[in-house]
Amino acid sequence: MVMDSWNDVALVSSEMEKFLCELLLDSSQPISERFRAFFSLRNLKGASTRNALILATRDSSNLLAHEAAFALGHMQELEAIPALASVLNDLSLHHIVRHEAAEALGAIGSDGNVPLLKNSLDSDPAEEVRETCELALERIQNLKDAGNTDVLLRMMYLLLCLLIQLHQRPLVLLLINQDKCLLMKKQGMYERYAALFALRNDGGNDAVAAIIDSLGSKSALLCHEVR
């Protein structure tokens with residue numbers, strides 16, 4: 001029996017948690033049911049859930065493995081770092097899974113992840129993974145400098161909006177110019193992501209057109225986020 005309201009699970013019995021973990025990892029079950037289990041488990045904490053998600057990062061479904069890695073990062077699971085590091089370094093795994101492992105390591109934000117991410121940034125054969133490592137390293141540095149990357153991004157957006165009001169210029173003109181073009185390879189991934197998110201928040205016709213143009217970017221990771 002599958003629960004009707006998966007996203008509303010706050011507290012579950014040990015039996016239900018066991019059921020969800022087993023369902024998540026049961027490759028004989030429909031992927032839709034396994035994802036419903038995942039959506040509940042990502043709201044839980046504890047060794048059983050963590051271990052199930054760690055095992056799921058090695059699942060034959062790259063999409064499920066990708067989401068499991070994302071959840072471990074979002075849940076700030078320090079105990080999952082060795083497993084995420086192993087996924088990142090396993091070149092036999094799909095690059096979308098390894099990319100998410102790198103993102104999770106950045107989300108957890110431990111200084112101990114820096115050497116690992118730097119090594120992958122320098123040597124990983126997949127561009128998406130290298131670009132994600134660049135972003136993850138920037139996040140860890142921002143966490144170290146200011147305590148909260150999300151706060152920094154909100155401050156960045158507010159500053160951009162203030163500049164627009166002061167200069168009466170559309171956001172797209174501020175972002176898409178010779179020095180700060182979203183599509184320019186010379187910009188770091190962090191700056192390009194910040195521009196993309198600011199354009200998304202603007203939502204005007206010019207911003208939408210600029211985002212569509214970015215589909216021609218050579219960055220596979222940026223194109224993935226645009227889509």
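**A colleague's note on an all-helix model**

1. Helices here are DSSP runs of H or I with at least four residues, strands are runs of E with at least two, and both are numbered from the N terminus. Glu79 is exposed, as its relative accessible area is 52%. The terms work like this: buried means under 20% relative accessible area, exposed means over 50%, and partly exposed is in between, using a 1.4 Å probe and protein chains only. Glu79 and Ala47 are 32 residues apart in sequence, and their C-alpha atoms are 9.0 Å apart in space.

2. A word on what you are looking at. This is a predicted model, in which local features need pLDDT of at least 70 and side-chain atom pairs count only at pLDDT 80 or more, while totals for chains, interfaces and linings use all residues. Residues are numbered from 1 along each chain as its sequence is written, and side-chain values use heavy atoms, with hydrogens and water left out.

3. Now the overall picture. The protein chain has 13 helices and zero strands. Of its 227 residues, 44% are buried. Take the contacts between residues at least 6 apart in sequence: 60% of them join residues at least 24 apart. Contact means heavy atoms within 4.5 Å.

4. Back to the loop for another residue. Gln76 is also found between α4 (62-74) and α5 (81-89). Most residues other than glycine have a negative phi. Gln76 is partly exposed, with a relative accessible area of 39%.

5. Next, the aromatic rings. How many aromatic pairs does the structure hold? There are three. One of them joins Phe35 and Phe39, a tilted pair with 5.9 Å from centre to centre and 50 degrees between the planes. Rings of Phe, Tyr and Trp (its six-membered ring) pair if their centres lie within 6.5 Å; planes under 30 degrees apart count as stacked, over 60 as edge-to-face and the rest as tilted. Both Phe35 and Phe39 belong to helix α2 (residues 31-41), where they are four residues apart, about one turn of the helix. Phe35 counts as buried at 13% relative accessibility, whereas Phe39 is partly exposed at 30%. Together with Phe38, Phe35 and Phe39 form one aromatic cluster.

6. Phe38 also leads us to the core. The largest nonpolar core has 41 residues, and those touching the most other members are Leu24, Phe38, Leu53, Leu84, Leu88, Leu105 and Leu117. Here a nonpolar core is a set of buried Ala, Val, Leu, Ile, Met, Phe, Trp, Tyr and Cys residues joined through side-chain atoms within 4.5 Å. At least two residues of this core come from each of α1 (14-25), α2, α3 (47-56), α4, α5, α6, α7 (114-123) and α8 (127-146). A second, separate core has five residues, including Leu199, Ala207, Ala210 and Ile211.

7. Which residues does Leu24 contact, leaving aside its neighbours within four places in sequence? They are Arg34, Ala37, Phe38, Leu41, Ala52, Leu53, Ala56 and Leu64. Ala52, Leu53 and Ala56 are among the buried residues of α3, together with Thr49, Arg50 and Ile54. The cover over the buried residues of α3 includes α1, α2, α4 and α5.

8. Have a look at α5 with its partner, helix α6 (residues 95-108). Their packing angle is about 145 degrees and their axes are 8 Å apart. Axes are lines fitted to C-alpha atoms, for helices over the stretch in contact, and angles run from 0 to 180 degrees between N-to-C directions. From α5, Ile81, Leu84, Ala85, Val87 and Leu88 meet Val97, Arg98, Ala101, Ala102, Ala104, Leu105 and Ile108 of α6. By class, this contact has 11 nonpolar, no polar and one charged residues.

9. Finally, two residues further along the chain. Leu121, in helix α7, is partly exposed with a relative accessible area of 28%. Not counting residues up to four places away in sequence, Leu121 touches Arg130, Cys133, Glu134 and Leu137. Arg139 is found in helix α8 and counts as partly exposed at 23% relative accessibility.

Notes: Ala, Val, Leu, Ile, Met, Phe, Trp, Tyr, Cys and Pro count as nonpolar, Asp, Glu, Lys and Arg as charged, and the others, Gly among them, as polar.
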